[in-house]
Each structure stands twice: as structure tokens, then as C-alpha cells.
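Trainee: I am new to this structure and would like a close look at a single part of it. Could you take me through that part slowly?

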Amino acid sequence: MSKYTEEQLEQELKTQEYKYGFYTDIESETFAKGLNEEVVIAISKKKNEPQWMTDWRLEAFRVWKKMEEPEWANVQYEKPKFQDIAYYSAPKEKPKLNSLDEVDPELLDTFKRLGISLDEQKKLANVAVDIVMDSVSVATTFKKTLGEKGIIFMPISEAIQEHPELVRKYLGTVVPTTDNFYAALNSAVFSDGSFCYIPKGVRCPMELSTYFRINEGGTGQFERTLVVADKGSYVSYLEGCTAPSRDENQLHAAVVELIAMDDAEIKYSTVQNWYPGNKEGKGGVYNFVTKRGLCENNAKISWTQVETGSAVTWKYPSCILKGNNSVGEFYSIAVTNNYQQADTGTKMIHLGKNTKSTIISKGISAGSSQNSYRGLVQIGARAENARNFSQCDSLLMGNLCGAHTFPYIEVKNKTAQVEHEATTSKIGEEQLFYCNQRGIDTEKAIALIVNGFSKEVLNKLPMEFAVEAQKLLEISLEGSVG
Amino acid sequence: MELKDKLVSSYVAFENRVETDSEVHEIRSKALQNFEALGFPTKKLEAWKYTSLNAVLKQDYSLFPNKENNIQLADVKKYFIHDIDAYKLVFIDGKYSSFLSETTHDTFDVCLMSSALVKPKYKAVIENYFDKIATKDNLTSLNTAFASEGAYIHIPKNVEVEKPIQIINFTTGSEAATLLQPRNLIVVEQNAHVQIIERNQSLTSNPVLTNSVTEVFAAKDATVDIYKIQNDDENASLVDNSYIEQKSKSIVSVHTFSFGGNITRNNLNFFQRGEHIDSILKGITIIEGKQHVDHHTLVHHIAPNCESHQDYKGIFDERATGVFNGKVIVEKEAQKTNAYQKNNNILVSDKATINAKPQLEIFADDVKCSHGCTIGQLDEDALFYMQQRGIPKKEGKALLMYAFANTVLESVKIPEVKQRITKLIAKKLGVDIGFDL
């Protein structure tokens, strides 16, 4: 990876507010708007799914119809009209490709502009990528290398065909279809996503990555990710997202399920950069995501997220620490600017003995945005010697924004040790003055301080992402210095 | 009949007892409508997520005890802070007891709500302050609808009240189950100073539900210290709704000591309307059995340069449940706010539960706000150290717990109250040591 210089940063700060806001004119097939049982069946047909899958979707759809949209989150937005969304949109079907040279040049160009090159550069970076555009997986790299190790990494639609036993066994076990409104909706209409299975004792040799992009207007994106790490295995998984700038609010309702069996470890990192809407708060993506992981004995799940995009974020990556000695971690930076709203946090459910969890959440609010941390730490009656440490820090820039903390702590075991601390402050004038004295101008000084503030979390990201995330932070906060 | 229906239908009977041709009564009638619409809180409400009143509401409460009940001073003396001289406002089954009370009208008023609501002398104060800051939620509305008796305290400008004021509500248990709804109004004018001790005490094991509302107004430079001693019988439940409005440079502290009772819910709300205000909220909770104590605090910072300090300690044994829900709101005008919130808990038994939700909502950027919440155990090393030096385990534990709670006790300004609480803690922890070693 080339070195990132200050000049580049400066250049970037001068460029447009959301550089991924372009739209690629690729022929695509989009279903008519609206949602009913026929649409669900049609999606399932389109994907050539077995009957059990269709039934599973229909059941989810029936449950969803009875559910109400949650209103408890600290966000205000115009509710999506669920009958006004196209639930399936895919780049036009084309013959299976063997090498990247055969890929539609327009598509390749899109990825170049997104900063993902599917060729040499990535090979050097050693990242296997699965790209999901408008809910359909369009390219997966490194399949062969991974196959040698017995690792399955493919679009979930293919996995349903090729490994139905695995998908059927694990799909919906961590996030049941009835879990919540958006999870039920996703279960009914998801069109693609990634599936990953790491066999026993295998350490995945490279980072696995999925890149999500919403391209078509008037559509929603509903992808489903399922990662299963068998006993003693290890995997690091990355996820990135972008969307074109549009005036309408697009809905993104994804579900991610992680299963870490005995002694396994999953590291899941997200850099979320959906289109956040323009400066007046018009448009932007609604990001309503359910992410949850299950830890068996001695397993570990670590969530790292950098949330800079989306008009409204509603996202709580959680860990169910079922096994003894299991570990859950949550590292998060959420940046909101202009009229963005984020209600994000985590749940750590301690059920097993000697379970440990760590929560580090950094919220940065600027402009007229609202940033909330909402978390739950629950220690069950049988969770002996459970340990939790939570830290939520908020940084406010300007007095139009707000920072909120809603931590829930529920303890039913006397041996538990739970600590929670939260602070809210602004960038100190002394700190800025100190930087100014040393010839660092205010904008750069703020970038520096914000970076220091978020370092604990940035450090947890894999190298490739850390650089991208750092840049994103700076761009997201551009113009927020008063 | 459900308690709600019973209350609503008894309103007519209530109207026969009070003056209905007044502004106060209009407020009452509106509050009743409000309560009728809202009903009793259920666990579905976010604010009542961890506390259920269902079991308590099932009792067949008598709403207006008819009998005049008298009690002997000797029997209840122990419930007073009797070793100091104090003004006393004593209510027995909701009725004022002139025999046990000691009121005054010289320079300031320590008297009854029932007379303040009707006498022209108090009209201006009632008009200005009555039901002005109490929120319109369900239980407060219920209290307002039936507001007729309680303490009325009015301290004029520059007066320093020389001795504390004790407000005590006794329940005799002459009825099978009693519902009490005391309504207190405390107005402290500019630069005045007052100390108040509150207590609710049931004298038998018949069920009691107290739904009290207290409104406190602290004007500029006023100092108000309130001590709430909650060590009631195990069948007595309490919902204490306190609303405090502060003007600039005033200092108000509320200490809540919860050791007894069945279900205790403290809704403590501070509204800061002025600059350089200090609000202090502290509490010690030591409970066991099936007791349930819920501290629900709100500090609303509206103006700049103010401070708030919250410090709540809890020790929970057996099947006890503790809830702490602290909320700090800092409005965008309230720059340079310092708001601190601390909640530390110790679980002694495996069956005990703690639910904590320390909440911050901040809209101003130039503030220092923090909250900390811990749940843990006593330091084994410290305990071992004491055992090595010949202090038995039980006493050692008690000493550590006392030290744990001491940060709250330190700021109690009346030595006799401090002593009393220290003794209660010792008793609660089952040891016979004075702690003032």
C-alpha cells in the first residue's frame, strides 16, 4: 500500500463531499416496486432456490407483516414506504466468467473508482473480495486459493445451491427470522450476500472481504452474510459499503450472522460509508442492520466498525457469549456530520462461565447531527466470573449536534465485574493552541486530535482498512470546524 | 374492582371533602383526566422497564381512612431524629396530627397543605408554585388529582431556619391496606436556608402504598438540604416523586437512604433554571430479601455554568433487586456544564440483580460530562489484610462496605442524621460496631 501523505489528504479534503456518489449505467434487471408473497416467491425462483428456502422466506414474510417498525431508537426520519421499494435489482445476467478480463469494462471501472481493483494490486494486498452490487454478488476473487484449504467463500445464493446442508444448518440460528422487524424483512427478501465457512483448525490465510454497493435508484439492498468458523479456526472478515448520491432515501437492511465454534476466532470489520445525504439532510441511506455473533467455548468474536455514512444508522453488532471462557469485543467509531443520525452500540450477553467482553465506543458528532450509543451488558445468573469493561467517549463539535448514551447494564450474578464509563467533551482549546503554536493549522490539528481520539479503535482494523478509515474520518468531518 | 377504576370513581366522594370552587381544583380535575387516560405505569414503558407495580396494585386499598387514629409519642419516638430540636410535621394515615407536630408561622411557614390550599393568605404562593414543575406523568397526575394534604413550607428571603424540619407520615394499619398520597410544597426564597428530613413509616405489617409528590423551589442563592430516610416495613411500598427547580447560584442536595420497604421507586428530578447552580444527588441503598429499590434521576441542565453531582451506592443481598436509571440532559444553551454521575454496586448474593442505565443526552459542546457505573465485589485482599490483623471476616466485610458507602455519608450536614444512618447501616450489615473508630 502506498504511503499516504499530507498533500494527498489536503487534495482529498478539497474534493467533493461524497466521492462515491456516482452512478454506473449498467444494464440491470429490476423487479417492479412493491412487496407481497408473489415477490418473495419470485425472488426465490429467480435464485433457483430449493423449496425449504422458499418456505423459510415465506414464513419470515408472514411474521414481518404482523410486526411493527421499531420506534425506540433515538432517531427521527420519514419511514420508508415498504411498498415503494423494488426488492430485487441485479446487473443483467451474463455468462460465468473465468478471468477478470472478461468482466464488463463498465463494471470494472466502477470498482476502480470505488478504489477496489480486482487485479494485481489486490493480489499483493492479499485480500479475497466478494462484491455485492444491488444485492447481487458480482465477483468473487481467490476462490481457488481458498478452496485448497477447504475454505468456502462464495455468494450465499451459490452456497444455497452448492452447500445447502451447511446453509440450512446455520442460517437463522443466531438471528432468527422473528428477531426484529428489519431482520424479518431481510429474511423474506434477501437476494444475495456472502457465505463463508472455515473448516476445523484452519487459519484463513488472507483477509476475506465483501464490498457492498447500491447502484440502482428506487431499490433497497437486503444482503445476508453468514460466517461459520468451525472448531479452532480463524478468519478476519472485512466489509465496505458505498452508494450513489440520490435525493431519495434508500433502505439498506442487512443481516450478518457469525458463528464461532469451540476455540474459533472471528474478526469482523466494517467500514460503512453509505451515502449520508447532502448538506441539507436530503437523501441518504437508511442503514438498519442486524449483526450478531455466537461464541461457543473458548471462542472469540471481535466487531470493529467505522461508521461514517448513512443518513440514519440503526445498528447493534452483538455477541452471545454462550460458551465458557468466550470473549466478545466491540470497537466502534461513529462519525456524524450535517443531518446524519446514528443510534449504534452493542449487546454483550454473558451466559457462559469466565466470559469476557470489552466495549470501546467513540462517537464524534458535528454539524446538526445526533449520535447515540446504545448498549446492553447482560450477565446471566450462571455466568460465573464474567467480566465487562465498557468505555464510551463522545466528542462534540459545535453546539447544534448532540451526543447521547443509553447503556443498559443487567447483572444477575454476584461474581460479575462490570465497569462502565462514559465521557463527553469537546476538542480542548489548549490542545488546538498547542498544535497551532507548532505550525499545524486548525483543520489539520483537528484531524490529528480526532485521530488520536479514535486511535484505540483504528488500531484494531486490518491494515488495508485502517488507512481508508483514517481518510474517511477526515473527509466526514470536513467543514465542521467553526 | 381494579384500583384505577376505584380511584376514578371515588373522585366524586373526594370532591365532597375539598373546596371545589378554586383554581387548585381545576388543576386536580385536569390531572384526574390525565391519569384516566394514562393509567398506572407498566413494564412496557421505558421508564418502568425494570420495576413492576403489578403486585402492589392488586391490593384493595382504602383511599380515605375515616377513623382518627392516635398514636403514643413513646411508641414512635424512635422514628424521629429525637436527639435534636426540630420542627415536625406529622401525619397519621394521611391526617395531620397536631399532637405530635410542631409547626410555626413566625417569620416563616411550616404548616399544612390543606390549609395553604384554602386560606387567602397563601393564595399567591399556591398560584405561583403549586403543580408548576411536577410533570404530567401517570403517578404524579394521580397524586395531583387527590392532592389535599401534606407539608407546606415557605421560607422568605434571607431567613436561615435554625433547626431542621422533619416530615413524617405514619400508617397505623387500622385499615387492611392503605393508599397514601401526600403532597408537599417547599418554597425557599432568595438566600434562605433550610434542612428537611423526610420519612414514611408503617407501624404494622398491613400493606401500604405511598405515592408522594414533593415540589421544591430554590430561589437565587438559596440552600436546601433534603434527607430521605427510607427504612419502612417490608409490606410498605413507596413511589417518591420529587421535583426541584433551582435558580441561579442555589445549592440543593438530596440524600436518599434506602434500607427498607417492599418496592421503593424514587423519581428525583432537577431542573436548573439559572447560572452557577449546584445540584447534588446522593444515595445509599442496602437491601435484602425480596426488596426492590429503583432510583430514577433526571438532571436537566438548561443554563450555562452549572454543575451536578450524582453518587449512588448500592449493596444487594439475597433476592433483592436494584435499579439505577440516571439521566443527564444538557441543552445546547448550557455551555460549560460539569455533570458527573457515579453508580457503584456490590452484589452479595447470587440471587440478587442489578439493572443500571446511566444515560447522558448532550446537546452542548463545551461541557464536561462523565458517568461511571460499576458492579463488582469486595476486595478479597483488603478483607484478608483485615483478617490477618484480627478483625473477624464479618466485621471486616462490614467495614469495607461502610467505607464503600462513606462517600455519600460524608456530605451529610446534620451530625445526628449521619449517626443515625451509620447505626442503620451497622444494623443492616448485622454487626455491632460504631464505625466511628
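Trainee: Which residues does B:Val188 touch, not counting residues up to four places away in sequence?

Mentor: Please keep in mind that this is a predicted model. Leaving out residues up to four places away in sequence, B:Val188 touches B:Ile155, B:Val194, B:Phe217, B:Ala218, B:Ala219, B:Ala222 and B:Val224. B:Val188 also belongs to the largest nonpolar core, which has 215 residues, and is listed there among those with the most contacts inside it, together with A:Ala229, A:Leu258, A:Ala260 and A:Ile266. Apart from that core lies another one, of 20 residues, including B:Leu7, B:Ala31, B:Ala147 and B:Leu179.

For a position in another setting, you could turn to B:Arg319, which is found in the loop between β16 (307-316) and β17 (321-330) of chain B. B:Arg319 counts as partly exposed because it has 16 C-beta neighbours inside 10 Å, whereas a residue needs 20 or more to be buried. Once its neighbours within four places in sequence are left aside, B:Arg319 is in contact with B:Gly289, B:Lys290, B:Lys351 and B:Ala352; of these, B:Lys351 is 32 residues away in sequence, yet the two C-alpha atoms are 4.8 Å apart in space.

Finally, where the chains meet, 31 residues of chain A are in contact with 31 residues of chain B. On the side of chain A that touches chain B, the elements giving two or more residues are β22 (387-396), β23 (402-411) and β24 (417-426) of chain A, and the residues of that side divide into 12 nonpolar, 13 polar and six charged. Strand β24(A) pairs with β20 (residues 368-376) of chain B in the antiparallel sense over seven bridges, and A:Thr424 stands opposite B:Cys369 in β20(B).

Methods
Residues are numbered from 1 along each chain as its sequence is written. Chains are lettered from A and ligands numbered from 1 in the order in which they are written. This is a predicted model: local features need pLDDT of at least 70, side-chain atom pairs count only at pLDDT 80 or more; totals for chains, interfaces and linings use all residues. A nonpolar core is a set of buried Ala, Val, Leu, Ile, Met, Phe, Trp, Tyr and Cys residues joined through C-beta atoms within 7 Å. A residue is buried if 20 or more other C-beta atoms lie within 10 Å of its own, exposed if 12 or fewer, and partly exposed in between; C-beta atoms are placed from the backbone. Two residues are in contact if their C-beta atoms, placed from the backbone, lie within 7 Å. Helices (H or I, at least four residues) and strands (E, at least two) are DSSP runs, numbered from the N terminus. Ala, Val, Leu, Ile, Met, Phe, Trp, Tyr, Cys and Pro count as nonpolar, Asp, Glu, Lys and Arg as charged, and the others, Gly among them, as polar. Two strands pair if DSSP finds at least two bridges between them.
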